[in-house]
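This report covers strand pairing, helix packing and annotated segments. The structure comes first.

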Amino acid sequence: GQQIKTFVDAVDKYAQLGLRTLCLGWRELSLEEYLEWSRLFKEANSALVDREWKVAEVCQKLEHTLDILGISAIEDRLQDGVPETIEILRQSGINFWMLTGDKQSTAIQIALLCNLISSEPKGQLLYINGKTEDEVARSLERVLLTMRITSSEPKELAFVVDGWALEIILTRYKEAFTELAVLSKTAICCRVTPSQKAQLVKLLKSCDYRTLAIGDGGNDVRMIQQAHIGVGISGREGLQAARAADYSIGKFRFLKRLILVHGRYSYNRTAFLSQYSFYKSLLICFIQILFSFVSGIAGTSLFNSVSLMAYNVFYTSIPVLTTVLDKDLSEKTVTQNPEILLYCQAGRLLNPSTFAGWFGRSLYHAIVVFLITIHAYANEKSEMEELSMVALSGSIWLQAFVVTLEMSSFTFLQFLAIWGNFAAFYVINLCISTIPTAGMYTIMFRLCRQPSYWITMLLISGVGMGPVLALKYFRYTYSPSAINILQKAERSRGPMYTLVNLESQLRSEQGNSTNSILTAPVKNKNSVYEPLLSDSPMASRRSLASSSFDIFQPAQSRVPAAYPRNIKTS
(Lines give C-alpha, C1' and ligand atoms only; values in the text may rest on other atoms or scores of the structure.)
Protein backbone atom coordinates (compact mmCIF):
# COMPACT_ATOMS: atom_id res chain seq x y z
CA GLY A 1 0.00 0.00 0.00
CA GLN A 2 2.79 2.43 0.80
CA GLN A 3 4.46 1.66 -2.51
CA ILE A 4 1.23 2.32 -4.44
CA LYS A 5 0.76 5.59 -2.56
CA THR A 6 4.25 6.63 -3.59
CA PHE A 7 3.44 5.94 -7.24
CA VAL A 8 0.12 7.82 -7.02
CA ASP A 9 1.81 10.83 -5.46
CA ALA A 10 4.43 10.77 -8.21
CA VAL A 11 1.75 10.67 -10.92
CA ASP A 12 -0.12 13.59 -9.35
CA LYS A 13 3.08 15.58 -8.99
CA TYR A 14 4.06 15.04 -12.61
CA ALA A 15 0.53 15.86 -13.80
CA GLN A 16 0.49 19.13 -11.87
CA LEU A 17 3.67 20.09 -13.70
CA GLY A 18 1.85 19.57 -17.00
CA LEU A 19 3.68 16.35 -17.88
CA ARG A 20 2.10 13.39 -19.64
CA THR A 21 2.41 10.37 -17.37
CA LEU A 22 2.69 6.65 -18.09
CA CYS A 23 2.42 3.84 -15.53
CA LEU A 24 4.29 0.62 -16.30
CA GLY A 25 3.06 -2.72 -14.92
CA TRP A 26 3.15 -6.43 -15.70
CA ARG A 27 1.74 -9.81 -14.80
CA GLU A 28 2.29 -13.32 -16.12
CA LEU A 29 -0.43 -14.92 -18.27
CA SER A 30 -1.10 -18.57 -18.85
CA LEU A 31 -1.40 -19.86 -22.40
CA GLU A 32 -5.11 -20.65 -22.04
CA GLU A 33 -5.88 -17.21 -20.63
CA TYR A 34 -4.04 -15.48 -23.45
CA LEU A 35 -5.71 -17.53 -26.18
CA GLU A 36 -9.17 -16.81 -24.74
CA TRP A 37 -8.40 -13.10 -24.46
CA SER A 38 -6.96 -13.00 -27.97
CA ARG A 39 -10.15 -14.50 -29.39
CA LEU A 40 -12.34 -11.97 -27.57
CA PHE A 41 -10.08 -9.13 -28.65
CA LYS A 42 -10.30 -10.11 -32.33
CA GLU A 43 -14.08 -10.31 -32.10
CA ALA A 44 -14.30 -6.87 -30.46
CA ASN A 45 -11.83 -5.36 -32.90
CA SER A 46 -13.89 -6.56 -35.87
CA ALA A 47 -17.25 -5.35 -34.47
CA LEU A 48 -19.16 -2.88 -36.60
CA VAL A 49 -21.07 -1.25 -33.72
CA ASP A 50 -19.46 0.26 -30.56
CA ARG A 51 -16.06 -1.09 -31.48
CA GLU A 52 -14.12 1.22 -29.16
CA TRP A 53 -16.16 0.34 -26.09
CA LYS A 54 -16.05 -3.39 -26.82
CA VAL A 55 -12.28 -3.27 -27.21
CA ALA A 56 -11.98 -1.29 -23.95
CA GLU A 57 -14.15 -3.82 -22.15
CA VAL A 58 -12.01 -6.72 -23.35
CA CYS A 59 -8.83 -4.93 -22.35
CA GLN A 60 -10.20 -4.33 -18.84
CA LYS A 61 -10.56 -8.11 -18.41
CA LEU A 62 -6.83 -8.42 -18.90
CA GLU A 63 -5.56 -5.31 -17.13
CA HIS A 64 -5.97 -6.25 -13.46
CA THR A 65 -3.77 -7.44 -10.59
CA LEU A 66 -0.73 -5.88 -12.25
CA ASP A 67 2.57 -5.38 -10.48
CA ILE A 68 3.72 -1.78 -10.86
CA LEU A 69 7.20 -1.38 -12.29
CA GLY A 70 7.44 2.40 -12.27
CA ILE A 71 6.25 5.78 -13.49
CA SER A 72 7.49 7.83 -16.43
CA ALA A 73 6.55 11.29 -17.63
CA ILE A 74 7.37 13.39 -20.66
CA GLU A 75 6.90 17.09 -21.36
CA ASP A 76 4.45 17.96 -24.13
CA ARG A 77 5.65 21.49 -24.72
CA LEU A 78 3.31 24.14 -26.02
CA GLN A 79 4.14 25.71 -29.34
CA ASP A 80 5.15 29.35 -29.46
CA GLY A 81 2.28 31.81 -29.50
CA VAL A 82 -0.45 29.46 -28.25
CA PRO A 83 -1.53 31.56 -25.19
CA GLU A 84 -1.55 34.78 -27.22
CA THR A 85 -3.55 33.18 -30.04
CA ILE A 86 -6.20 31.82 -27.67
CA GLU A 87 -6.49 35.16 -25.87
CA ILE A 88 -7.01 37.10 -29.12
CA LEU A 89 -9.54 34.62 -30.46
CA ARG A 90 -11.47 34.73 -27.18
CA GLN A 91 -11.72 38.52 -27.55
CA SER A 92 -13.33 37.97 -30.96
CA GLY A 93 -16.21 36.07 -29.35
CA ILE A 94 -15.04 32.50 -30.01
CA ASN A 95 -15.65 29.85 -27.34
CA PHE A 96 -13.01 27.20 -26.69
CA TRP A 97 -13.47 23.55 -25.73
CA MET A 98 -10.44 21.42 -24.96
CA LEU A 99 -10.94 17.73 -25.80
CA THR A 100 -8.02 15.60 -24.71
CA GLY A 101 -7.12 12.11 -23.65
CA ASP A 102 -4.90 13.32 -20.80
CA LYS A 103 -5.84 12.84 -17.18
CA GLN A 104 -7.71 15.61 -15.40
CA SER A 105 -4.86 17.27 -13.54
CA THR A 106 -2.63 17.30 -16.62
CA ALA A 107 -5.39 18.80 -18.77
CA ILE A 108 -6.11 21.53 -16.21
CA GLN A 109 -2.44 22.48 -15.95
CA ILE A 110 -2.09 22.69 -19.73
CA ALA A 111 -5.27 24.78 -19.92
CA LEU A 112 -3.79 27.22 -17.40
CA LEU A 113 -0.52 27.46 -19.31
CA CYS A 114 -2.23 28.28 -22.61
CA ASN A 115 -4.67 30.85 -21.14
CA LEU A 116 -7.66 28.65 -21.86
CA ILE A 117 -8.87 29.11 -18.27
CA SER A 118 -8.03 31.66 -15.59
CA SER A 119 -6.92 30.92 -12.05
CA GLU A 120 -8.67 32.20 -8.95
CA PRO A 121 -10.01 34.77 -8.25
CA LYS A 122 -10.55 35.82 -11.87
CA GLY A 123 -11.80 32.41 -12.94
CA GLN A 124 -13.60 29.45 -11.40
CA LEU A 125 -13.41 25.81 -12.41
CA LEU A 126 -16.44 23.54 -11.95
CA TYR A 127 -16.06 19.77 -11.85
CA ILE A 128 -18.43 17.11 -13.19
CA ASN A 129 -17.34 13.81 -11.69
CA GLY A 130 -18.88 10.53 -10.68
CA LYS A 131 -18.80 6.81 -11.31
CA THR A 132 -22.54 6.14 -11.10
CA GLU A 133 -25.52 7.79 -12.76
CA ASP A 134 -26.71 9.36 -9.51
CA GLU A 135 -23.31 10.89 -8.76
CA VAL A 136 -22.99 12.26 -12.28
CA ALA A 137 -26.56 13.64 -12.19
CA ARG A 138 -25.96 15.48 -8.91
CA SER A 139 -22.65 16.86 -10.13
CA LEU A 140 -24.16 18.01 -13.43
CA GLU A 141 -27.11 19.62 -11.66
CA ARG A 142 -24.79 21.53 -9.31
CA VAL A 143 -22.64 22.83 -12.18
CA LEU A 144 -25.68 23.77 -14.28
CA LEU A 145 -27.28 25.74 -11.44
CA THR A 146 -24.00 27.55 -10.82
CA MET A 147 -23.76 28.46 -14.48
CA ARG A 148 -27.32 29.80 -14.51
CA ILE A 149 -26.83 31.98 -11.46
CA THR A 150 -23.38 33.39 -12.24
CA SER A 151 -23.60 33.68 -16.03
CA SER A 152 -24.14 37.46 -15.85
CA GLU A 153 -21.15 38.03 -13.55
CA PRO A 154 -17.73 39.06 -14.91
CA LYS A 155 -16.09 35.96 -13.43
CA GLU A 156 -14.88 33.46 -16.01
CA LEU A 157 -16.47 30.05 -15.50
CA ALA A 158 -15.39 26.76 -17.02
CA PHE A 159 -16.29 23.16 -16.32
CA VAL A 160 -14.26 19.95 -16.38
CA VAL A 161 -15.67 16.51 -17.20
CA ASP A 162 -13.90 13.18 -17.65
CA GLY A 163 -14.64 10.47 -20.19
CA TRP A 164 -16.54 8.16 -17.83
CA ALA A 165 -18.94 10.86 -16.66
CA LEU A 166 -19.24 12.17 -20.20
CA GLU A 167 -20.43 8.80 -21.47
CA ILE A 168 -23.16 8.72 -18.85
CA ILE A 169 -24.15 12.31 -19.62
CA LEU A 170 -24.37 11.76 -23.38
CA THR A 171 -26.53 8.70 -22.78
CA ARG A 172 -28.90 9.87 -20.04
CA TYR A 173 -28.62 13.66 -19.53
CA LYS A 174 -28.01 15.01 -23.02
CA GLU A 175 -30.64 17.76 -22.73
CA ALA A 176 -29.12 19.24 -19.58
CA PHE A 177 -25.62 19.01 -21.01
CA THR A 178 -26.81 20.82 -24.13
CA GLU A 179 -28.01 23.72 -21.97
CA LEU A 180 -24.67 23.70 -20.16
CA ALA A 181 -22.86 23.84 -23.51
CA VAL A 182 -24.84 26.96 -24.47
CA LEU A 183 -24.14 28.71 -21.16
CA SER A 184 -20.43 27.94 -20.94
CA LYS A 185 -17.69 29.65 -22.93
CA THR A 186 -14.90 27.25 -21.94
CA ALA A 187 -14.86 23.53 -21.22
CA ILE A 188 -12.23 20.87 -20.57
CA CYS A 189 -13.13 17.28 -21.47
CA CYS A 190 -10.39 14.88 -20.39
CA ARG A 191 -9.95 11.14 -20.85
CA VAL A 192 -12.19 11.24 -23.91
CA THR A 193 -12.06 8.79 -26.80
CA PRO A 194 -12.04 9.78 -30.50
CA SER A 195 -15.70 8.83 -30.79
CA GLN A 196 -16.61 11.02 -27.80
CA LYS A 197 -14.80 13.95 -29.41
CA ALA A 198 -16.95 13.53 -32.51
CA GLN A 199 -20.11 13.24 -30.38
CA LEU A 200 -19.30 16.51 -28.57
CA VAL A 201 -18.77 18.33 -31.86
CA LYS A 202 -22.09 16.94 -33.13
CA LEU A 203 -23.77 18.11 -29.91
CA LEU A 204 -22.44 21.66 -30.36
CA LYS A 205 -23.62 21.66 -33.98
CA SER A 206 -27.12 20.80 -32.75
CA CYS A 207 -27.00 24.00 -30.63
CA ASP A 208 -26.71 26.01 -33.88
CA TYR A 209 -23.04 26.74 -33.25
CA ARG A 210 -20.55 27.01 -36.08
CA THR A 211 -17.82 24.60 -35.03
CA LEU A 212 -14.12 24.50 -35.88
CA ALA A 213 -12.08 21.51 -34.77
CA ILE A 214 -8.29 21.61 -34.71
CA GLY A 215 -6.01 18.68 -33.99
CA ASP A 216 -2.63 17.21 -34.86
CA GLY A 217 -3.01 13.45 -34.43
CA GLY A 218 -4.84 10.48 -35.85
CA ASN A 219 -7.21 10.39 -32.86
CA ASP A 220 -8.53 13.83 -33.91
CA VAL A 221 -9.61 12.75 -37.41
CA ARG A 222 -13.22 11.91 -36.51
CA MET A 223 -13.61 15.18 -34.62
CA ILE A 224 -12.16 17.17 -37.52
CA GLN A 225 -14.44 15.51 -40.05
CA GLN A 226 -17.52 16.07 -37.88
CA ALA A 227 -16.98 19.82 -37.46
CA HIS A 228 -18.12 22.47 -39.91
CA ILE A 229 -14.49 23.45 -40.47
CA GLY A 230 -11.59 21.10 -39.84
CA VAL A 231 -8.06 22.35 -39.29
CA GLY A 232 -5.13 19.95 -39.09
CA ILE A 233 -1.69 20.75 -37.72
CA SER A 234 1.06 18.98 -39.63
CA GLY A 235 3.81 18.10 -37.19
CA ARG A 236 5.60 15.31 -35.43
CA GLU A 237 2.44 13.25 -34.91
CA GLY A 238 2.05 12.68 -38.64
CA LEU A 239 -0.19 14.00 -41.38
CA GLN A 240 -3.40 12.09 -40.68
CA ALA A 241 -5.16 15.11 -39.19
CA ALA A 242 -3.83 17.45 -41.89
CA ARG A 243 -5.04 15.17 -44.69
CA ALA A 244 -8.51 14.79 -43.21
CA ALA A 245 -8.96 18.53 -42.56
CA ASP A 246 -10.27 21.34 -44.71
CA TYR A 247 -7.23 23.46 -43.91
CA SER A 248 -3.71 22.46 -42.90
CA ILE A 249 -1.40 24.72 -40.92
CA GLY A 250 2.10 24.23 -39.58
CA LYS A 251 1.69 25.92 -36.18
CA PHE A 252 -1.22 26.60 -33.85
CA ARG A 253 -0.50 30.33 -33.86
CA PHE A 254 -1.35 30.44 -37.57
CA LEU A 255 -4.98 29.88 -36.57
CA LYS A 256 -5.22 33.56 -35.60
CA ARG A 257 -4.39 34.69 -39.11
CA LEU A 258 -6.58 31.99 -40.66
CA ILE A 259 -9.69 33.12 -38.76
CA LEU A 260 -9.24 36.85 -38.19
CA VAL A 261 -7.65 37.78 -41.51
CA HIS A 262 -8.44 35.20 -44.17
CA GLY A 263 -11.73 34.09 -42.63
CA ARG A 264 -13.04 37.63 -42.25
CA TYR A 265 -11.91 38.71 -45.72
CA SER A 266 -13.54 35.62 -47.19
CA TYR A 267 -16.82 36.38 -45.42
CA ASN A 268 -16.85 40.00 -46.63
CA ARG A 269 -16.06 39.04 -50.21
CA THR A 270 -18.59 36.21 -50.29
CA ALA A 271 -21.29 38.47 -48.84
CA PHE A 272 -20.73 41.13 -51.51
CA LEU A 273 -20.34 38.66 -54.38
CA SER A 274 -23.54 36.75 -53.62
CA GLN A 275 -25.66 39.86 -53.12
CA TYR A 276 -24.19 41.69 -56.11
CA SER A 277 -24.93 38.68 -58.35
CA PHE A 278 -28.46 38.74 -56.99
CA TYR A 279 -28.67 42.49 -57.73
CA LYS A 280 -27.37 42.46 -61.30
CA SER A 281 -29.64 39.60 -62.31
CA LEU A 282 -32.72 41.25 -60.81
CA LEU A 283 -31.88 44.56 -62.48
CA ILE A 284 -32.14 43.16 -65.99
CA CYS A 285 -35.21 41.08 -65.05
CA PHE A 286 -37.07 44.11 -63.67
CA ILE A 287 -36.35 46.05 -66.85
CA GLN A 288 -37.82 43.19 -68.86
CA ILE A 289 -40.90 43.12 -66.61
CA LEU A 290 -41.43 46.88 -66.96
CA PHE A 291 -41.09 46.61 -70.74
CA SER A 292 -43.69 43.85 -70.82
CA PHE A 293 -46.29 46.28 -69.46
CA VAL A 294 -45.45 48.80 -72.18
CA SER A 295 -45.58 46.14 -74.90
CA GLY A 296 -48.96 44.88 -73.74
CA ILE A 297 -47.48 41.70 -72.23
CA ALA A 298 -46.87 40.39 -75.73
CA GLY A 299 -43.89 38.30 -74.65
CA THR A 300 -41.43 40.43 -76.61
CA SER A 301 -37.97 40.73 -75.05
CA LEU A 302 -36.33 44.13 -74.90
CA PHE A 303 -32.87 42.57 -75.11
CA ASN A 304 -31.68 39.99 -77.60
CA SER A 305 -30.16 36.72 -76.43
CA VAL A 306 -26.59 37.75 -77.31
CA SER A 307 -26.82 40.92 -75.23
CA LEU A 308 -28.24 39.03 -72.24
CA MET A 309 -25.47 36.42 -72.46
CA ALA A 310 -22.76 39.07 -72.72
CA TYR A 311 -24.33 41.02 -69.83
CA ASN A 312 -24.10 38.06 -67.45
CA VAL A 313 -20.85 36.51 -68.67
CA PHE A 314 -18.63 39.50 -69.55
CA TYR A 315 -20.00 42.94 -68.74
CA THR A 316 -20.96 42.35 -65.08
CA SER A 317 -19.01 39.23 -64.03
CA ILE A 318 -15.44 40.29 -64.74
CA PRO A 319 -15.45 43.44 -62.53
CA VAL A 320 -16.89 41.65 -59.52
CA LEU A 321 -14.23 38.94 -59.66
CA THR A 322 -11.74 41.51 -58.42
CA THR A 323 -13.41 41.38 -54.99
CA VAL A 324 -10.85 38.67 -54.15
CA LEU A 325 -8.38 41.59 -53.84
CA ASP A 326 -10.65 43.85 -51.78
CA LYS A 327 -9.68 44.61 -48.17
CA ASP A 328 -11.83 46.89 -46.04
CA LEU A 329 -9.18 47.00 -43.29
CA SER A 330 -5.48 46.20 -43.22
CA GLU A 331 -4.30 42.98 -41.65
CA LYS A 332 -2.59 44.89 -38.84
CA THR A 333 -5.80 46.69 -37.91
CA VAL A 334 -7.80 43.47 -37.96
CA THR A 335 -5.40 41.63 -35.67
CA GLN A 336 -5.24 44.60 -33.27
CA ASN A 337 -9.05 44.77 -33.05
CA PRO A 338 -10.34 41.17 -32.97
CA GLU A 339 -13.75 42.39 -31.70
CA ILE A 340 -14.77 43.34 -35.25
CA LEU A 341 -15.12 39.62 -36.00
CA LEU A 342 -18.40 39.90 -34.10
CA TYR A 343 -19.83 41.60 -37.19
CA CYS A 344 -19.27 38.39 -39.13
CA GLN A 345 -20.69 36.23 -36.34
CA ALA A 346 -23.83 38.38 -36.21
CA GLY A 347 -24.21 38.25 -39.99
CA ARG A 348 -24.19 42.01 -40.41
CA LEU A 349 -23.14 41.86 -44.06
CA LEU A 350 -25.22 38.91 -45.20
CA ASN A 351 -28.76 38.63 -43.81
CA PRO A 352 -32.36 39.12 -44.98
CA SER A 353 -32.22 42.87 -44.38
CA THR A 354 -29.13 43.33 -46.56
CA PHE A 355 -30.70 41.17 -49.26
CA ALA A 356 -33.78 43.39 -49.06
CA GLY A 357 -31.55 46.43 -49.52
CA TRP A 358 -29.98 45.00 -52.67
CA PHE A 359 -33.43 43.98 -53.88
CA GLY A 360 -34.70 47.54 -53.42
CA ARG A 361 -31.62 48.93 -55.14
CA SER A 362 -32.12 46.68 -58.17
CA LEU A 363 -35.81 47.64 -58.41
CA TYR A 364 -35.03 51.35 -58.10
CA HIS A 365 -32.26 51.20 -60.69
CA ALA A 366 -34.48 49.25 -63.09
CA ILE A 367 -37.20 51.89 -62.80
CA VAL A 368 -34.65 54.67 -63.35
CA VAL A 369 -33.12 53.01 -66.41
CA PHE A 370 -36.45 52.12 -68.00
CA LEU A 371 -38.32 55.38 -67.39
CA ILE A 372 -35.46 57.66 -68.42
CA THR A 373 -34.77 55.58 -71.53
CA ILE A 374 -38.44 55.50 -72.58
CA HIS A 375 -39.00 59.23 -72.00
CA ALA A 376 -35.69 60.28 -73.57
CA TYR A 377 -36.50 58.43 -76.78
CA ALA A 378 -40.29 58.81 -76.74
CA ASN A 379 -40.34 61.28 -79.64
CA GLU A 380 -37.46 59.71 -81.53
CA LYS A 381 -37.94 57.38 -84.47
CA SER A 382 -35.79 54.71 -82.85
CA GLU A 383 -35.47 51.05 -83.67
CA MET A 384 -36.09 48.36 -81.10
CA GLU A 385 -32.41 47.45 -81.02
CA GLU A 386 -31.46 51.08 -80.47
CA LEU A 387 -33.76 51.40 -77.45
CA SER A 388 -32.41 48.10 -76.16
CA MET A 389 -28.83 49.32 -76.42
CA VAL A 390 -29.63 52.53 -74.53
CA ALA A 391 -31.20 50.56 -71.66
CA LEU A 392 -28.30 48.10 -71.64
CA SER A 393 -25.77 50.93 -71.62
CA GLY A 394 -27.51 52.54 -68.66
CA SER A 395 -27.37 49.25 -66.77
CA ILE A 396 -23.65 48.90 -67.51
CA TRP A 397 -22.97 52.45 -66.30
CA LEU A 398 -24.79 51.76 -63.03
CA GLN A 399 -22.94 48.44 -62.58
CA ALA A 400 -19.57 50.14 -62.90
CA PHE A 401 -20.46 52.82 -60.36
CA VAL A 402 -21.98 50.30 -57.91
CA VAL A 403 -18.89 48.07 -57.94
CA THR A 404 -16.61 51.10 -57.58
CA LEU A 405 -18.64 52.45 -54.67
CA GLU A 406 -18.71 49.13 -52.82
CA MET A 407 -14.98 48.53 -53.12
CA SER A 408 -13.02 49.44 -50.01
CA SER A 409 -9.57 49.34 -51.57
CA PHE A 410 -8.28 49.82 -55.09
CA THR A 411 -5.41 48.19 -56.94
CA PHE A 412 -4.39 48.47 -60.56
CA LEU A 413 -6.06 45.15 -61.39
CA GLN A 414 -9.33 46.27 -59.83
CA PHE A 415 -9.24 49.57 -61.73
CA LEU A 416 -8.44 47.74 -64.97
CA ALA A 417 -11.18 45.14 -64.48
CA ILE A 418 -13.92 47.68 -63.71
CA TRP A 419 -13.19 50.53 -66.10
CA GLY A 420 -11.35 48.45 -68.68
CA ASN A 421 -14.41 46.25 -68.89
CA PHE A 422 -16.55 49.39 -69.15
CA ALA A 423 -14.48 50.58 -72.13
CA ALA A 424 -14.55 47.08 -73.63
CA PHE A 425 -18.36 47.25 -73.67
CA TYR A 426 -18.23 50.10 -76.18
CA VAL A 427 -15.38 48.58 -78.18
CA ILE A 428 -17.17 45.25 -78.56
CA ASN A 429 -20.49 46.80 -79.52
CA LEU A 430 -18.83 49.19 -81.98
CA CYS A 431 -17.16 46.20 -83.64
CA ILE A 432 -20.46 44.31 -83.81
CA SER A 433 -22.13 47.37 -85.31
CA THR A 434 -19.78 47.11 -88.30
CA ILE A 435 -21.15 43.68 -89.29
CA PRO A 436 -23.93 44.08 -91.85
CA THR A 437 -25.54 40.75 -91.04
CA ALA A 438 -25.77 41.53 -87.32
CA GLY A 439 -28.99 42.92 -85.94
CA MET A 440 -27.06 45.86 -84.42
CA TYR A 441 -25.63 47.14 -87.71
CA THR A 442 -24.61 50.85 -87.35
CA ILE A 443 -26.70 51.23 -84.16
CA MET A 444 -23.79 51.93 -81.81
CA PHE A 445 -22.28 54.44 -84.23
CA ARG A 446 -25.56 56.36 -84.44
CA LEU A 447 -25.97 56.39 -80.66
CA CYS A 448 -22.45 57.61 -79.95
CA ARG A 449 -22.95 60.54 -82.35
CA GLN A 450 -26.10 61.67 -80.52
CA PRO A 451 -25.63 64.10 -77.59
CA SER A 452 -28.96 62.85 -76.20
CA TYR A 453 -27.41 59.41 -75.66
CA TRP A 454 -24.61 60.74 -73.42
CA ILE A 455 -26.99 63.07 -71.60
CA THR A 456 -29.26 60.07 -70.96
CA MET A 457 -26.33 58.06 -69.55
CA LEU A 458 -25.33 60.91 -67.25
CA LEU A 459 -28.93 61.36 -66.14
CA ILE A 460 -29.33 57.65 -65.40
CA SER A 461 -26.07 57.60 -63.42
CA GLY A 462 -26.95 60.74 -61.45
CA VAL A 463 -30.52 59.74 -60.58
CA GLY A 464 -29.56 56.12 -59.92
CA MET A 465 -26.47 56.69 -57.79
CA GLY A 466 -27.51 59.93 -56.07
CA PRO A 467 -29.64 58.35 -53.30
CA VAL A 468 -27.11 55.53 -52.85
CA LEU A 469 -24.26 58.01 -52.37
CA ALA A 470 -26.34 60.17 -50.03
CA LEU A 471 -27.30 57.19 -47.86
CA LYS A 472 -23.73 55.93 -47.74
CA TYR A 473 -22.43 59.38 -46.81
CA PHE A 474 -25.04 59.77 -44.07
CA ARG A 475 -24.20 56.39 -42.54
CA TYR A 476 -20.46 56.97 -42.73
CA THR A 477 -20.63 60.49 -41.27
CA TYR A 478 -23.45 60.47 -38.74
CA SER A 479 -23.92 56.80 -37.83
CA PRO A 480 -20.54 55.09 -38.32
CA SER A 481 -19.91 51.52 -37.31
CA ALA A 482 -16.74 50.27 -35.67
CA ILE A 483 -15.41 49.29 -39.09
CA ASN A 484 -16.10 52.79 -40.47
CA ILE A 485 -14.24 54.34 -37.54
CA LEU A 486 -11.21 52.13 -38.14
CA GLN A 487 -11.31 52.89 -41.87
CA LYS A 488 -11.34 56.60 -41.10
CA ALA A 489 -8.32 56.20 -38.84
CA GLU A 490 -6.43 54.27 -41.50
CA ARG A 491 -7.15 56.81 -44.24
CA SER A 492 -6.09 59.70 -42.02
CA ARG A 493 -2.65 58.02 -41.87
CA GLY A 494 -2.40 58.82 -38.18
CA PRO A 495 -1.43 56.56 -35.28
CA MET A 496 -3.49 53.41 -34.86
CA TYR A 497 -5.88 53.29 -31.92
CA THR A 498 -8.24 50.74 -30.46
CA LEU A 499 -11.99 50.83 -30.98
CA VAL A 500 -12.54 52.52 -27.61
CA ASN A 501 -10.10 55.33 -28.33
CA LEU A 502 -11.38 55.87 -31.85
CA GLU A 503 -14.96 56.12 -30.64
CA SER A 504 -13.91 58.68 -28.02
CA GLN A 505 -12.15 60.71 -30.70
CA LEU A 506 -15.20 60.58 -32.99
CA ARG A 507 -17.53 61.75 -30.22
CA SER A 508 -15.22 64.64 -29.34
CA GLU A 509 -15.07 65.75 -32.98
CA GLN A 510 -18.84 65.60 -33.42
CA GLY A 511 -19.49 67.48 -30.18
CA ASN A 512 -16.85 70.17 -30.94
CA SER A 513 -15.24 69.37 -27.64
CA THR A 514 -11.60 68.77 -26.81
CA ASN A 515 -9.54 66.81 -29.30
CA SER A 516 -7.72 64.76 -26.69
CA ILE A 517 -7.83 61.01 -27.21
CA LEU A 518 -8.39 58.66 -24.30
CA THR A 519 -5.72 56.02 -24.04
CA ALA A 520 -6.92 54.19 -20.94
CA PRO A 521 -9.24 51.27 -21.66
CA VAL A 522 -12.72 51.35 -20.16
CA LYS A 523 -14.44 48.41 -18.55
CA ASN A 524 -17.92 49.06 -19.88
CA LYS A 525 -19.07 47.62 -23.17
CA ASN A 526 -18.37 49.78 -26.19
CA SER A 527 -21.51 51.27 -27.70
CA VAL A 528 -19.94 51.00 -31.15
CA TYR A 529 -20.65 47.29 -31.18
CA GLU A 530 -22.98 46.99 -28.18
CA PRO A 531 -26.11 46.71 -30.40
CA LEU A 532 -24.30 43.96 -32.27
CA LEU A 533 -23.84 41.93 -29.12
CA SER A 534 -27.51 42.12 -28.24
CA ASP A 535 -28.59 40.55 -31.54
CA SER A 536 -25.67 38.24 -32.18
CA PRO A 537 -26.21 34.47 -32.53
CA MET A 538 -24.42 33.78 -29.24
CA ALA A 539 -26.64 36.22 -27.37
CA SER A 540 -29.75 34.61 -28.81
CA ARG A 541 -28.50 31.15 -27.81
CA ARG A 542 -27.99 32.30 -24.24
CA SER A 543 -31.44 33.85 -24.15
CA LEU A 544 -32.89 30.57 -25.36
CA ALA A 545 -30.88 28.68 -22.78
CA SER A 546 -32.34 30.87 -20.04
CA SER A 547 -35.81 29.55 -20.87
CA SER A 548 -34.86 25.86 -21.04
CA PHE A 549 -36.11 23.31 -18.53
CA ASP A 550 -34.37 21.58 -15.68
CA ILE A 551 -34.58 17.87 -16.34
CA PHE A 552 -33.55 17.00 -12.80
CA GLN A 553 -36.80 18.36 -11.33
CA PRO A 554 -40.10 16.45 -11.41
CA ALA A 555 -42.39 17.16 -14.34
CA GLN A 556 -44.81 19.08 -12.09
CA SER A 557 -42.15 21.48 -10.85
CA ARG A 558 -40.29 22.28 -14.06
CA VAL A 559 -40.20 26.05 -14.30
CA PRO A 560 -38.34 28.00 -16.97
CA ALA A 561 -35.28 29.79 -15.70
CA ALA A 562 -35.21 33.53 -16.18
CA TYR A 563 -31.66 34.69 -15.66
CA PRO A 564 -30.14 37.38 -17.87
CA ARG A 565 -27.66 36.20 -20.45
CA ASN A 566 -25.05 38.62 -21.74
CA ILE A 567 -21.92 38.26 -23.77
CA LYS A 568 -19.02 39.64 -21.81
CA THR A 569 -16.13 41.36 -23.49
CA SER A 570 -12.73 41.72 -21.92
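How many bridges join β4 to strand β5? Six bridges do, and the two strands run parallel.

## Basis

The model is predicted: local features need pLDDT of at least 70, side-chain atom pairs count only at pLDDT 80 or more, and totals for chains, interfaces and linings use all residues. Residues are numbered from 1 along each chain as its sequence is written, and side-chain values use heavy atoms, with hydrogens and water left out.

Helices (H or I, at least four residues) and strands (E, at least two) are DSSP runs, numbered from the N terminus. Axes are lines fitted to C-alpha atoms, for helices over the stretch in contact; angles run from 0 to 180 degrees between N-to-C directions.

## The open sheet

Strand β5 spans residues 156-162. The open sheet has four strands in the order β3-β6-β5-β4, with parallel pairing; two strands pair if DSSP finds at least two bridges between them. Its edge strands, each pairing on one side only, are β3 (96-99) and β4 (123-128). Direction ignored, neighbouring strands are turned by 15° against each other on average. L126 stands opposite F159 in β5.

Helix α5 (residues 104-113) lies across β3, β4, β5 and β6 (186-190). Relative to β6, helix α5 runs at about 145°.

## Helices α7 and α9

Helix α7 (residues 163-172) packs against helix α9 (residues 194-206) at about 45°, and their axes are 11 Å apart. The two are therefore oblique to each other, given that angles under 35 degrees count as roughly parallel, over 145 as roughly antiparallel, 65 to 115 as roughly perpendicular and the rest as oblique. Their contact (heavy atoms within 4.5 Å) involves G163, L166, E167 and L170 of α7 with Q196, Q199, L200 and L203 of α9. Four of these residues are nonpolar, three polar and one charged. Ala, Val, Leu, Ile, Met, Phe, Trp, Tyr, Cys and Pro count as nonpolar, Asp, Glu, Lys and Arg as charged, and the others, Gly among them, as polar.

## Helices α18 and α21

Helix α18 (residues 384-406) and helix α21 (residues 451-478) pack at about 35°, with axes 9 Å apart. Their contact residues comprise 14 nonpolar, five polar and two charged; among them are W397 and F401 in α18 and W454 and M457 in α21.

## Annotated segments

An unreviewed UniProt entry annotates "transmembrane region" at several stretches, including 282-303 and 453-474; such annotations may be inferred rather than shown by experiment. Residues 453-474 are 100% helix, with end C-alpha atoms 32 Å apart. Residues 282-303 are 59% helix and 0% strand, with end C-alpha atoms 14 Å apart.
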